[in-house]
Amino acid sequence: MPKGSTELTNARREEIINACGELYKTMSFKEITIKEIGNATSFTRTSIYNYFTTKEEIFLALLQREYEGWANELLTEAESGKRLTASEFAALLAKSLDKRPQLLKILSMNHYDMETNSRLENLVEFKRAYKKTLDAVDECLIKFFPEMDGRERTDFIYSFFPFMFGIYPYTVITEKQKSSMKQADLRFPEMTIYEIVYQFVSKMLKNR
């Protein structure tokens with residue numbers, strides 16, 4: 001870790017993560033390199049290695065930040081004192097993820113490699129953020145559906161979170177993909193992030 005204040009270290013880490021996030025809006029995971037990320041920062045490319053040792057660590061940090069922001073939003077809702085119906089809760093989750101396409105895009109790539117190619121201490125920090133998100137969803141379920149027992153909440157959480165890995169590829173379709181599906185006579189209903197999440201959560205909470 002480079003010498004300097006904690007504030008400088010955190011600021012440079014954030015600049016690297018921000019640069020990666022901006023590049024990921026127009027480039028694929030494969031296309032983005034440490035060099036590309038370095039060129040988008042205000043300091044030398046080699047300085048990145050003082051903060052992250054691999055590209056995967058930077059993406060993991062970006063995903064961690066996305067999870068932390070999502071968890072904080074859900075916890076705020078859980079603590080707001082509102083009472084929500086199943087339909088309203090489905091809308092809440094759908095809206096919260098509709099604002100986070102980057103989280104869903106990162107999840108749709110090879111998550112296993114991203115974790116494998118990160119140092120243990122970075123992976124632990126990420127898992128803490130992930131746990132916070134799991135706990136935030138659980139807290140929402142406890143708040144809005146007090147009749148659900150622990151097993152029912154666990155079933156919901158471990159159905160919903162694996163489902164999230166497929167949201168992006170099923171809602172963001174390129175023109176090339178559309179053309180290939182048309183030629184293959186593959187009928188594919190186009191849905192937004194909001195629509196697919198709302199539909200899934202509504203079915204999971206049916207009769208509540």
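Q: Which residues lie nearest the centre of the largest pocket?
A: This is a predicted model. In it, Arg 13, Phe 52, Ala 61, Gln 64 and Glu 125 lie nearest the centre of the largest pocket.

Q: What is the volume of the largest pocket?
A: About 340 Å³.

Q: How many of its lining residues are charged?
A: Eight are charged. Another six are nonpolar and four are polar.

Q: OK, second largest pocket. How much space lies in it?
A: About 210 Å³.

Q: Which residues line it?
A: Tyr 24, Ser 28, Phe 29, Lys 105, Ser 108, Met 109, Tyr 168, Pro 169, Val 172, Thr 174 and Gln 177. By class, that lining has six nonpolar, four polar and one charged.

Q: Switching to the fold. How many helices and strands are there?
A: Eleven helices and zero strands. The C-alpha trace spans about 55 × 50 × 25 Å along its principal axes.

Q: What percentage of the residues is buried?
A: Buried residues make up 43% of the 208. The accessible surface comes to about 11800 Å², and carbon and sulfur atoms hold 51% of that.

Q: What about contacts between residues 24 or more positions apart?
A: They account for 76% of the contacts with a separation of 6 or more.

Q: Now the aromatics. How many pairs?
A: The count comes to 18 aromatic pairs. One of them joins Tyr 130 and Phe 161, edge-to-face, at 5.8 Å centre to centre with 90° between the planes.

Q: Which parts does that pair tie together?
A: Tyr 130 is in helix α7 and Phe 161 is in helix α8 (residues 150-164), so the pair links parts 31 residues apart in sequence.

Q: Is Phe 161 buried or exposed?
A: Phe 161 is buried, at 3% relative accessibility. Tyr 130 has 22%, so it counts as partly exposed; the cut-off for buried is under 20%.

Q: What about Phe 160 and Phe 161, how are their rings set?
A: Their centres are 5.9 Å apart and the planes sit at 90°, so this pair is edge-to-face. Phe 160 and Phe 161 are both buried.

Q: Which residues do ring pairs link into a cluster?
A: Tyr 67, Trp 70, Phe 89, Phe 126, Tyr 130, Phe 144, Phe 145, Phe 156, Phe 160, Phe 161, Phe 163 and Phe 200.

Methods: Residues are numbered from 1 along each chain as its sequence is written. This is a predicted model: local features need pLDDT of at least 70, side-chain atom pairs count only at pLDDT 80 or more; totals for chains, interfaces and linings use all residues. Side-chain values use heavy atoms; hydrogens and water are left out. On a 1 Å grid over the protein atoms alone, a cavity is a set of points where a 1.4 Å probe fits but cannot get out, and a pocket is an open set with protein on both sides within 12 Å along at least five of seven lines; lining residues have an atom within 4 Å of a point. Grid points are joined across faces, edges and corners, and a volume is the space filled by probe spheres set on the points. Ala, Val, Leu, Ile, Met, Phe, Trp, Tyr, Cys and Pro count as nonpolar, Asp, Glu, Lys and Arg as charged, and the others, Gly among them, as polar. Helices (H or I, at least four residues) and strands (E, at least two) are DSSP runs, numbered from the N terminus. Buried means under 20% relative accessible area, exposed over 50%, partly exposed in between (1.4 Å probe, protein chains only). Contact means heavy atoms within 4.5 Å. Accessible areas come from the Shrake-Rupley method with a 1.4 Å probe; for residues, only the protein chains shown count as cover. Rings of Phe, Tyr and Trp (its six-membered ring) pair if their centres lie within 6.5 Å; planes under 30 degrees apart count as stacked, over 60 as edge-to-face and the rest as tilted.
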